[in-house]
Amino acid sequence: MRRRKLVLIGAGSAVFTKGLVADLIEEGSPWGLSLVDISEENLSVAYGLARRMIELRGGDIELSRTLDRREALGGADVVVTTIAVGGRRGWEADVFIPRKYGIFQPVGDTIMPGGISRALRMIPALVDIANDVSAIAPEAWFFNYSNPMAANCRAIRKVTSASVVGLCHGVPHVEAEIAELAGTRYSKCRFTSVGINHLTWIVKCAVGKRDGLEMLRERLDEFAGQGIPIPGRAEHIFSFEMFKLVGAFPAVFDRHVTEFFPQLFRDGEHYGKKLGVDRFSFETIIERGDRTFAAMKAQAEGREPIDEGIFKRSAGEHEKLVEVLNALEAPRAKTFSVNIPNTGQVSNLSRDFVLECPARISSKGMKPVKVGDIPSMCRATVEKALLVVELTVEAALERSRDKLVQALIFDGAVKSTADAGRLA
């Protein structure tokens, strides 16, 4: 079997790299894996951890590292970006500065002022990377995992020749949970899920000849009739309210979905708790990331044994990548959730904007699944978010403060034009 070459740009991630290495080892095919980062320390941690994992499990992976991405890109079959410009300290600023203006976000990596701010840092760097990919590895498949997904992929597609595809684990995870709540197996379900990354509406679910969303509605009625909370999802009240109202389920639950409805959660109030504080604590997520990286460093340096739990896990932000790469080598197509431009697969949303939607993937390439129209409420919420993204992309590409202010105002989280100007 030919040894394919995968270049991972942003390898110093606290989560992604170790999961990808585990997936490549467990899958068993021969790979060349080139790790790239701009931080020598982070790159050393990623390389040391990957090397020890490969030695432990005997993976057929030729490992290399470099601070120069152009050096790594030659001969690449696959390029993956997982960068986070500014790291966790930049991410903290995205959330903590808006709090001064009464704007509370549980994540701050997609939409609202935090996501807009993140996009301004990410887009110039990713456009530069995309131009290098186009020049040095034009035949390589190019996948992006960096947030904000829609803005990053839209900017790359808009001003470079790179046909980037965005991947995220959120939709398949929510689909699996919906199947379980509906009382059936995920493998029996055929989902149609469309939207913008982190607000993707599950509009259809077929379980044989049955309507899976109707099955879910019946189960939720049973829980309500018994006076018991939804198992394991009591804090995601809003998502279930929207499902009952719209008839489509918004992925990926309240931690992300609430950020697309800032007018409903003024001052961060979420059913008696504060978003990002005591509901989906942002500080806890940051602290966990710092702790995870410290543990990775200890393992990479041999001060701690490798955590073999990573080889047994059933979930992570990386697991679909290897499945997608294998599908691209196979004659029989499989369906995946991807982030690609709307070329007409959703007929009542604007063309060219990047949608999260199903696509059939095989050795013949990637073909979006024809969806047609989606319900009006789904269309309205997604279209509005995509227009915020478009203003944000223009602000980043043009270095335009005016368009940044416009994006902040149209997004709807700010309380005045004056606050939008101060945030900008």
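Start by selecting Phe240 and Phe249: both are buried. Keep in mind as you go that this is a predicted model.

**Stop 1: a group of rings**

Stay with those two side chains and turn the view until both rings are clear. The ring centres of Phe240 and Phe249 are 5.0 Å apart and the planes meet at 75 degrees; an angle over 60 counts as edge-to-face, so that is what this pair is. With Phe249, Phe243 makes a tilted pair, with 5.7 Å from centre to centre and 50 degrees between the planes. How buried is Phe243? Its relative accessible area is 0%, and Phe249 is likewise buried with a value of 0%.

Across the model, the count of aromatic pairs comes to 11.

**Stop 2: charges over rings**

Keep Phe253 on screen and show Arg233. Arg233 lies over the face of the Phe253 ring, 4.1 Å from the ring centre. Then jump to Phe104 for another example: here Lys274 sits over the ring face, at 4.7 Å from its centre.

**Stop 3: the nonpolar core**

Next, select Leu6, Leu35, Phe143 and Leu321. These are the residues with the most contacts inside the largest nonpolar core, which has 95 residues. Colour helix H13, residues 376–398, as well: H13 gives the most to this core, with 10 residues.

Now zoom in on Leu35. Which residues is Leu35 in contact with, leaving aside its neighbours within four places in sequence? The list includes Leu8, Ala11, Leu43, Ala46, Ala50 and Leu63, and Tyr47 is there too. Also among the contacts of Leu35 are Thr17, Ser64, Arg65 and Thr66.

**Stop 4**

Then show the surrounding elements as cartoons. Helices H7 (170–181) and H12 (319–327) each give two or more residues to the lining, as do strands E7 (189–196), E13 (334–341) and E14 (354–362). Which element provides the largest share of this lining? Colour E7 to see the answer: five of the lining residues come from that strand.

How values were computed:
Residues numbered from 1 in each chain as written. Predicted model: local features only at pLDDT ≥ 70, side-chain atom pairs only at ≥ 80, totals over all residues. Heavy atoms only, no water. Core = buried A, V, L, I, M, F, W, Y, C linked by side-chain atoms within 4.5 Å. Buried < 20%, exposed > 50% of the residue type's maximum accessible area, 1.4 Å probe, protein only. Helix = DSSP H or I, 4+ residues; strand = E, 2+ residues; numbered from the N terminus. Contact = heavy atoms within 4.5 Å. Phe/Tyr/Trp six-rings, centres within 6.5 Å; stacked < 30°, edge-to-face > 60°. Lys NZ or Arg CZ within 6 Å of the ring centre and 35° of its normal.
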